[in-house]
Amino acid sequence: MAAGPLSIKLRCTSWQQLATIYRRDLSRGSMFLKASSQPEIGTAVRIDLELPSATVIELAGKIAQHVVDAQRGTGVELALEPLPTKTIWLIESALAAENTVRGGAPRDASAQAAEVLADGGEVAQAEDELIAALEAEAESLKRLNPFLVLALGYEASDGDVRGAFGELTKRYHPDRFARYQSSRLRQLAAEIFILIRDAYRKLADETARSQVRAQLGIKQPRAKTPPPVRPTGPMPRIIVVPPKEPPKEAAKEAPKETKAEEPPRPTQYDAPTNPSGKSAAIASTQLARPEELLAVASAPAHVVDRKSGPVRRPQAATAVMPAQPMPVAAGEDGNNLDALVDQGKLDEAIAGYRAAAKKNPQDRSARAGIELVEGMRALAARDRLEAAQRFEAALEIDPSNERAARELADMRRQATNERKGLLSRLMGKKEGPT
Amino acid sequence: MTRIIGIDLGTTTSCVAVLDDKQVPRTLVASDGERTTPSWVSWSPAGEIAVGTRARRQAVTNPSATIYGAKRLIGRKVNAEDVAWFAKLAPFRIVAAPNGDAWVRVHGQPVSPQEVAAHVLRRMRQVAEEALGEPVTRAVVTVPAYFDDAQRQATRDAGQIAGLDVIRILNEPTAAALAYGAHRGADGRRIIAVFDLGGGTFDISIMSVEHGIFEVLATGGDTALGGDDWDRRLQERVVDEVFDKYRVDITGIPIAMSRLREVCETAKKALSSTAETQLALPFLANDQHGAPINYERTLTRLEAEQLTKELLERLEAPCLRALADAGIRAGDVEDVLLVGGMTRWPAVQATVERIFGRKPSKGANPDEVVALGAAAYAGILSGEADDAALLDVTPHDLGIKVGDSGFSVMIPRNSMLPVRARKLFATTSTDQKFVSIDVYQGESTELGKNRKLGQVVLEDLPPGPAGSVRVELIMTVDVESILGVTARELKTGKEASLTIRPSGGLSQREIVEIINRRRQEHSVTSRLPPGMVGNIVRVPTREQAAVLPDDDEK
């Protein structure tokens, strides 16, 4: 049976619902779906989980069990593949962001009461969230070149490198995590510290730095720009020509993805219902019908963009850094557009990237540029989940898109800081009265 | 969560401090008003134990059971050069434990220096608990920068015996630099020197500091030079004068020597701030005719400096050597920090200025800065302060045996902790069944000269021609110097691993035995009136007079 995986679409209409699905189903790795027919056990499934923000998270799994249950109804039990850290981070940061946005709004009394009761559990949960944030951060740092790990420009001096190392050490040295219960936190901090330290060692002096620059294909450091995350000048960049692909339309180009986009088998599913039959949170999750799915897949621009930058990363993107510089595709235009991005002229920049992408669909840097700018717009609109996904997509299209890498690393660093702050406050609260 | 205290466990005196509510490190003062506690422990024949000043006062009458300088012995082998030197000098017996470690003999019983240090630490803990009014279970303890793994672990073990969880061992010069606030101030890398002339030892450390990151570049010093030597020079002078005038050798009269020692120490301290002081020893002894000797004279600073000139001269060479080891010139040092009571002496400060070509920085209290720095770092660990992180380094090369006698370094010494290294290995014969990886530490390219730490054996390798099976070896050292070694076969993912903690000489079982013994004895003593639970507690004589409680079990 060569058919692709069964495609299922789940839409969360509220954040609360997402939270329920996440805590009850995703985190334990399985999910019950009501279904009129029961596909073979072992059939692969791909679930597109649409969040209230209209962004889509892909989950993979297979049919594990046929369920015939008076209470739950007829359906299937899905075994989900472990969620990638990235996905966990996306969901958690979406939920966290949502909580902060709604901070002022009164929450329902039962939830508040539960929180008061939790106390110790609250700290433990905050630790778990900090762990997830650190995991995501470690993962994003692993993809960066040493300059980016230290959030430095390529022109960095000895002093800049040591300064960045010092600041990061103060934040990530395992001693900074000594007060928390979880030893996993210290392990992760050590992991990140080791990445930082290795980057520092690679950049410690000018000879070493020029070697790294040579490996990255950067000839001369540009004029000095302020080191950290938001540079004002154009960043040197490497443009990677797409691997040997037949010139197709952007939307269809990734051959691996074609399978996944075959129309789903006409199996009809009902919304998953709450096994206990208690409440409505899940019951209102909607499963799209095939026709809906097609509609969604082709309608909003960003969905199409996303498909061209598959979440499952192509091999090219897994490399920490490209082995050698590739011929430049975007040329001067690309540099000018990057400059527009740096100046914050996002509308002009995106128009430029779109034009470039239209002119040459193989221009990865242009397509990545579109995602990058969309991400920056989302960031400006405080939609961190969307922003993160956009930056991820940009990196998947063009792993050398530094701006996206920086933005992503920056967001994750920020997420870590917030989690750490939250945890400290919770611990302070707990310690306070004693 | 309880507060974490900082303890400077010194060769001659110890001090305890804590970060107060305003995030300022503060010395904790004992109920008797003492800001520092002599690191002395004594056992009376009846089994009474005393710590601190009371122990030190007994030294003259009970010299063989009054132990000081346990720090010189902790984690050391009895045949080490400076241990042998100390053994000749000390009035108590230093003996070899079965594993060759240096222990002391008290009333015929061998006692480990860890236990002696534990008594001092327990006393410091008690001082802290009384001052804070709350139980204390966690501490940062300082050690000299040159302490090796064994000495550091032995210090940790002493903490465990004293009921303290030693959450970090900190280098003394680093602690001092923290207390001086050397990590604040201007950006950029600065070189500082920490000049520590304490009661028993002289340590010089050259460090770099940048953005709150401290790095010890070189250490040096003289473990046989300290403030006590200055006292001794003054004592010798008085002994000579008494002999010249009265033809009486008072070195044979313990009480006279005890008084003389205290008077000379007081005079030495006084000369830090005054130009002259009185040495007054009425009724010091009797002369040949039985008449009392009333010794009294004025001692000027100038004369005292003349008497100890040779000691001052011994300060220079170690400093120059440390500078050379660090690869810098004296002029590169931007700040010299003074630690230790002897640095109050103007002549010592002048010597420092001459060596480094700049005026040294004087802290408020050189006896306390190390403890204050330890308290500051305790604050960082408990999350209360966040302006510094300290980087420790691996003291030795870590590697594995290759071939018959080769040593392949995986983690070079001076690597910042935590650290991880990874290497790939291939099998050397067809259908090899297992690989065995021997882990060594040391600096020699000859395997035999390095110390074997352990062995990892990975069995059931998949069959295949030589070189076809790959084994990945990952070596990590965490911030507490705990070494982890994992070997993994890449095809099957099969793993074998090993965790090596440094050993301080006592096994965990021995430590637990000591703690249990103490607990048993304590069950007898806990019925004593509360007033007795102070420095001295009487316990029934047992076959082991060594371990005696001096506070409540917490």
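Predicted model: local features only at pLDDT ≥ 70, side-chain atom pairs only at ≥ 80, totals over all residues.
Residues are numbered from 1 along each chain as its sequence is written, and chains are lettered from A in the order in which they are written. Local features need pLDDT of at least 70, side-chain atom pairs count only at pLDDT 80 or more, and totals for chains, interfaces and linings use all residues, while side-chain values use heavy atoms, with hydrogens and water left out.

Chain B contains 13 helices and 27 strands, taken as DSSP runs numbered from the N terminus (helices, H or I, at least four residues; strands, E, at least two). Of the 554 residues in chain B, 55% are buried (buried, under 20% relative accessible area; exposed, over 50%; partly exposed, in between; 1.4 Å probe, protein chains only).

Strand β5 (residues 41-43) of chain B is joined to β7(B) over two bridges, and B:Ser42 has B:Thr66 as its bridge partner in β7(B).

The contact between the chains (heavy atoms within 4.5 Å) takes 25 residues from chain B and 22 residues from chain A. About 2000 Å² is buried between chain B and chain A, with carbon and sulfur atoms giving 57%; this is the accessible area (1.4 Å probe) that two parts lose on being put together, summed over both. Two salt bridges are found across this interface, where a salt bridge is a side-chain nitrogen of Lys or Arg within 4 Å of a carboxyl oxygen of Asp or Glu. A:Asp175 and B:Arg168 form a salt bridge at 2.5 Å, N to O.

Over all chains, the count comes to 52 salt bridges. One of these joins B:Arg297 and B:Glu241 (2.6 Å, N to O). B:Arg297 lies in strand β17 (residues 292-300) of chain B and B:Glu241 in helix α6 (residues 227-246) of chain B, so the pair ties together parts that are 56 residues apart in sequence. B:Arg297 is buried, at 17% relative accessible area, whereas B:Glu241 is partly exposed, at 21%.

Terms used:
Pairing = 2+ DSSP bridges.
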